[in-house]
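Biologist: I would like to learn how to read the features of a protein model, one at a time. Could you take me through them slowly?

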Amino acid sequence: MVIASDPRLTEAGHADAGAETSFVVEAVTEAFFQSADYAALHARSNASAFQHPLWLQAFHRHLAPSRGAQGVTLVGRPGPGNPPCFVLPMIARKLSGVTILESADLGVSDYAAPLVDPDWWERQHDHAAVRACVAAALPSHDILRVKPIRDEHLALWQAFLPGSTKTLGFSAHATSLVASVEHWREQALTDSFARYLARKRKRFFKTEGARLVVVQGEQAIAHAMERLAQLREGRFEQDVIAAPAARAFYSAVAQSGEQAGFARVYALELGGEAIGYTFCLAFGGRLHYLLIGCDYQTHGRHSPGLLLYDGMIGDWIEAGGEIFDFTIGDEPFKADFGTVATPLHVLTHTPTVRGALALAAIRWRERWREASAATTTTPFARRQTSGEDNG
């Protein structure tokens, strides 16, 4: 259904001659994420793994309904029936009577990005017309909130949506990779940490049956994701994967993503038994590490988390990968792997008084939580903490 259009379109829905910024915006259902049009736009855009078709299909199938979230996906086209030139994947939900319109996040999507055809965007000179058209298509809301936004996506969000931006109190962390693994270690690791890791590797992998494997096959992956969740039980307050819907979501992405080369599940094995698992997304030369679960009680002396990180990085280098992305959370262990911090931002807008009051209350609670915490305790940090920092 067309819900907004460039004012220079005629009543019949056709672009006026010479109107270079003519386009229409339509609201679509979640089925759009399964379309060839969406996959093609995602591939040629600068969006992230968290806008991948498989990620958003599982997000709307499993996670959004469990949190009372409705999809608000806006698709821009340069004229009716043409392939999409931009997509804004968003959701709407009510919290204490306040309607929040936000990016498709819910604590699992580390990077919020619009999908934009770069060739189409390069030809646009009237960004105000684009934003006015999008604004007319947005449903009524009290708070508009988009987060977390990387630097490279910030200007695009500002071009499409109203509001002010603020730098968040936590960052993303990634390490650039070079071939070979030994060369990367020489460049990225301090001498003392490199020696420490080498001792851990030698001591662990000399044991019979010790190995790092990529889990393959739907049943094996489903079992691995269930075990990963079980190994995390009781370790983190409000652990994101503790909710059944979140488990189903991650498992669905892991299973469908393995076949498409989009997701990887690693298992660290000892004596034929897995003592640790990780779940990652592979996209655009980048391996995004998202979840870890290890048996620290029995095998903590081996530092299974550190062995998993080291092994995953080595495997990704051998696969030709360019970046190992620890994603969001300022846990100290990430710096040991030569990571560089990337700031993250939030865009907010409150078109109603009720929204402005609610946002002020939300920000007060966030400041109180930050002041009360000894370390970063964002959902992302709780999700990723390896246990190595805690002994």
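Biologist: Is S96 buried or exposed?

Modeller: In general, buried means under 20% relative accessible area, exposed means over 50%, and partly exposed lies in between, with a 1.4 Å probe and protein chains only. S96 has 82% relative accessibility, so S96 counts as exposed. S96 is found in the loop between β4 (86-95) and β5 (98-103), where helices (H or I, at least four residues) and strands (E, at least two) are DSSP runs numbered from the N terminus. Although S96 is not a glycine, its phi is positive, at about 50 degrees.

Biologist: Before we continue, what kind of model is this, and how are its residues numbered?

Modeller: This is a predicted model, in which local features need pLDDT of at least 70 and side-chain atom pairs count only at pLDDT 80 or more, while totals for chains, interfaces and linings use all residues. Residues are numbered from 1 along each chain as its sequence is written, and side-chain values use heavy atoms, with hydrogens and water left out.

Biologist: What is the phi of L106, and where does L106 lie?

Modeller: L106 is not a glycine, yet it has a positive phi of about 55 degrees. The place of L106 is in the loop between β5 and β6 (115-116), and because its relative accessibility is 6%, L106 counts as buried.

Biologist: Which peptide bond joins K147 and P148?

Modeller: A cis peptide bond joins K147 and P148, with omega at about -15 degrees, and P148 has its place in strand β7 (residues 143-150). The bond from A179 to S180 is also cis, with omega near 0 degrees, and S180 is found in the loop between β8 (164-176) and α6 (181-188).

Biologist: How should I read a salt bridge, and how many salt bridges are there?

Modeller: Side chains of opposite charge can pair when their charged atoms come close. Here a salt bridge is a side-chain nitrogen of Lys or Arg within 4 Å of a carboxyl oxygen of Asp or Glu, and by this rule the count comes to 17 salt bridges. One of them is formed by the side chains of R77 and E26, at 2.3 Å from N to O. R77 lies in strand β3 (residues 70-77) and E26 in strand β2 (residues 24-28), so this pair ties together parts that are 51 residues apart in sequence. Both R77 and E26 are buried.

Biologist: Which side chain does D37 meet in a salt bridge?

Modeller: The side chain of D37 meets that of R77, at 3.8 Å from N to O. This pair links distant parts of the chain, with D37 in helix α1 (residues 36-44) and R77 in strand β3, 40 residues apart. D37 has a relative accessible area of 34%, so it is partly exposed, whereas R77, with 11%, is buried.

Biologist: What does the salt bridge between R247 and E226 tie together?

Modeller: The side chains of R247 and E226 meet at 2.9 Å, N to O. R247 lies in helix α9 and E226 in helix α8 (residues 218-232), so the pair ties together parts that are 21 residues apart in sequence. E226 is partly exposed because its relative accessible area is 36%.

Biologist: How do I read a pair of aromatic rings, and how many aromatic pairs are there?

Modeller: A pair of aromatic rings is described by the distance of the centres and the angle of the planes. Rings of Phe, Tyr and Trp (its six-membered ring) pair if their centres lie within 6.5 Å, and planes under 30 degrees apart count as stacked, over 60 as edge-to-face and the rest as tilted. The structure holds 24 aromatic pairs. Among them is the edge-to-face pair of F50 and W55, with 5.1 Å centre to centre and 85 degrees between the planes; both F50 and W55 are buried.

Biologist: Why is the pair of W55 and Y250 edge-to-face?

Modeller: The ring centres of W55 and Y250 are 6.5 Å apart and the planes stand at 70 degrees, so the pair is edge-to-face. W55 lies in helix α2 (residues 53-66) and Y250 in helix α9 (residues 244-260), so the pair ties together parts that are 195 residues apart in sequence. Y250 is buried, with a relative accessible area of 0%.
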